[in-house]
Amino acid sequence: MVTITVYSFLWSDHVVGPQTSFDSKETSLTVTTSSEKRTSEDKLNYRVLLGSLSGSVIEWFDFLVYGTVAALVFNKLFFPSDNAFVSTLLAYISFSLTFFFRPLGGIIFSHIGDRIGRKKTLFITLMLMGGGTVAIGLLPDYAAIGIAAPILLILCRILQGLGIGGEWGGALLLAYEYAPKNRRGLYGAVPQMGISLGMLLAAGVVGLLTLLPDGQFYVWGWRIPFIASVVLVFIGLWIRNGLDETPEFKRIREAGAQLRLPIKEVVTKHWGAVLVSIGAKAAETGPFYIFGTYVIAYATDVLGARGNVVLLAVAAAALVATIWMPVFGRISDKFSRAVLYRWSATATLILVVPYYFVLNTGATWALFAATIIGFGLLWGSVNAILGTLIAENFAPEVRYTGASLGYQLGAAIFGGTAPIIAAWLFEISGGQWWPIAAYVAGCAGISIVASFFIKRVAHREGPDVPAVAVSSDNSGFRKGQVA
């Protein structure tokens, strides 16, 4: 930090008759050197990063726990029927329900986020999402309150879906809009890490619960992870409470540039960016469900692998993805993100066939290798830069709305249907793997095409203007800080 004292002669505020006088005034300028600015930018804002990460960890912790419990418990406790298939189907429909309410939640809460602020919106979404999760753990079952039990369960899932729809965009923008321009890829990768971290946490909890006797797990054990998630919610709220509004939204608010109806602006003027964002989402969400979740059913039912071994392989891949995502996000700050995304989607398209060749050998090492490469590296690369890529498509005034709409519509189209499509393709092909590989390749192909349009729709920022904070004591004495 360099302080420069400048003596300047200013015209006197008081002039009597023809007399002209000068006052000697002292002006202090505090100049931040470029090396100090770089040092400041090199320091990570850990509270911002943890604040953006906490919500997505809760979201994906609930995702895996609910998916596991739905098949084991909810089909019997909340959807009892003489037909076991119908009970299981209804349980899985309740599982998929959140996907189709996410776009609505994205529209509702992104409107609030673009109008009122990112921080306030993230408080609402985290409480809504976490409250729905805890409420599920406290619900009476069908035997206690009859048809009200599944209705209340579905209502909790709808609340979760609405909260999740608004959570992702806010968490991403919390990281992205606090990030220095040369670190947006790294900061944007952190909330994306919540997917794999949530899966790791859920896998550990579910693994411990499986040690309970069947009767205890069925009666009360399944409730523990849902109720215990209140701890994660309070930690997330505490972290976010210590954060200020994002710098970019502050500038919008100070300039009075908030739009009255951001969704109208997005649909009428930024629809191309929304379509590109939906297309970019395909290579992430479709392969995620094939490499990260459907592989569990495929490896156990088709290859005869033990369930605990498959879960361990997925957990290992999730750990690799968690470590790799911030690294690849940082790499994307050095190179073109659109090109890196295209390469990652292309690698997914090319390697999905070798993935099945290796996986189908049935060996334990092959299961681990294929899952780590497919889920840990291929999916991890695409997911690491997807959030930043989508955020860069939109101007700050509509960024929350545009990013959430594109992302959540992509999740509903390619994510909510992926497990169903995979199971259907496997069934109609007589147990062949190649239709599933073709589906993954198709998702990657859509994103490759979308990547060629990213530069056309991306928001173009103006040149940086040095920030000067000026405070005035009187007309002659001023202090300025030049960044």
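Which hand does the crossing of helix 12 and helix 15 have, left or right? The crossing is left-handed, where left-handed means that the near helix is turned anticlockwise from the far one by less than a right angle, and right-handed means clockwise. Keep in mind that this is a predicted model, in which local features need pLDDT of at least 70 and side-chain atom pairs count only at pLDDT 80 or more, while totals for chains, interfaces and linings use all residues. Residues are numbered from 1 along each chain as its sequence is written, and side-chain values use heavy atoms, with hydrogens and water left out. Helices here are DSSP runs (H or I, at least four residues), numbered from the N terminus.

**Helix 12 and helix 15**

- Helix 15 covers residues 364-391, and its axis comes within 9 Å of the helix 12 axis, crossing at roughly 155 degrees; axes are lines fitted to C-alpha atoms over the stretch in contact, and angles run from 0 to 180 degrees between N-to-C directions.
- The two are therefore roughly antiparallel to each other, a label for angles over 145 degrees.
- On the helix 12 side, the contact (heavy atoms within 4.5 Å) includes Lys 281, Glu 284, Phe 288 and Phe 291, and on the helix 15 side it includes Phe 375, Trp 379 and Asn 383.
- Sorted by class, this contact has 12 nonpolar, five polar and two charged residues; Ala, Val, Leu, Ile, Met, Phe, Trp, Tyr, Cys and Pro count as nonpolar, Asp, Glu, Lys and Arg as charged, and the others, Gly among them, as polar.

**Helix 12 and helix 13**

- Helix 12 (residues 271-301) also packs with helix 13 (residues 307-331), at an angle of about 155 degrees and with the axes 9 Å apart.
- That angle makes helix 12 roughly antiparallel to helix 13, and here the crossing is right-handed.
- Gly 292, Val 295, Ile 296, Ala 299 and Thr 300 of helix 12 meet Gly 307, Val 310, Leu 311 and Val 314 of helix 13.
- Those residues split into six nonpolar, three polar and no charged.

**Pro 326**

- Pro 326 sits in helix 13.
- Along the sequence, Pro 326 and Tyr 187 are 139 residues apart, yet their C-alpha atoms are 7.9 Å apart in space.
- Setting aside neighbours within four places in sequence, Pro 326 touches Leu 186, Ala 189 and Met 193.

**Helix 4 and helix 9**

- The axes of helix 4 (residues 118-138) and helix 9 (residues 223-241) come within 7 Å and cross at roughly 165 degrees.
- This pair is therefore roughly antiparallel too, and the crossing is left-handed.
- Among the residues in contact are Lys 119, Phe 123 and Met 127 from helix 4, plus Arg 223, Phe 226 and Arg 240 from helix 9.
- The class count is 12 nonpolar, six polar and three charged.

**Cavities**

- There are six cavities of 30 Å³ or more; a cavity is a set of points on a 1 Å grid over the protein atoms alone where a 1.4 Å probe fits but cannot get out, and lining residues have an atom within 4 Å of a point.

Methods:
Parallel < 35°, antiparallel > 145°, perpendicular 65-115°, else oblique. 1 Å grid on protein atoms, 1.4 Å probe; cavity = no way out; pocket = protein on both sides within 12 Å on 5 of 7 lines; lining within 4 Å. Points joined across faces, edges and corners; volume = space filled by probe spheres on them.
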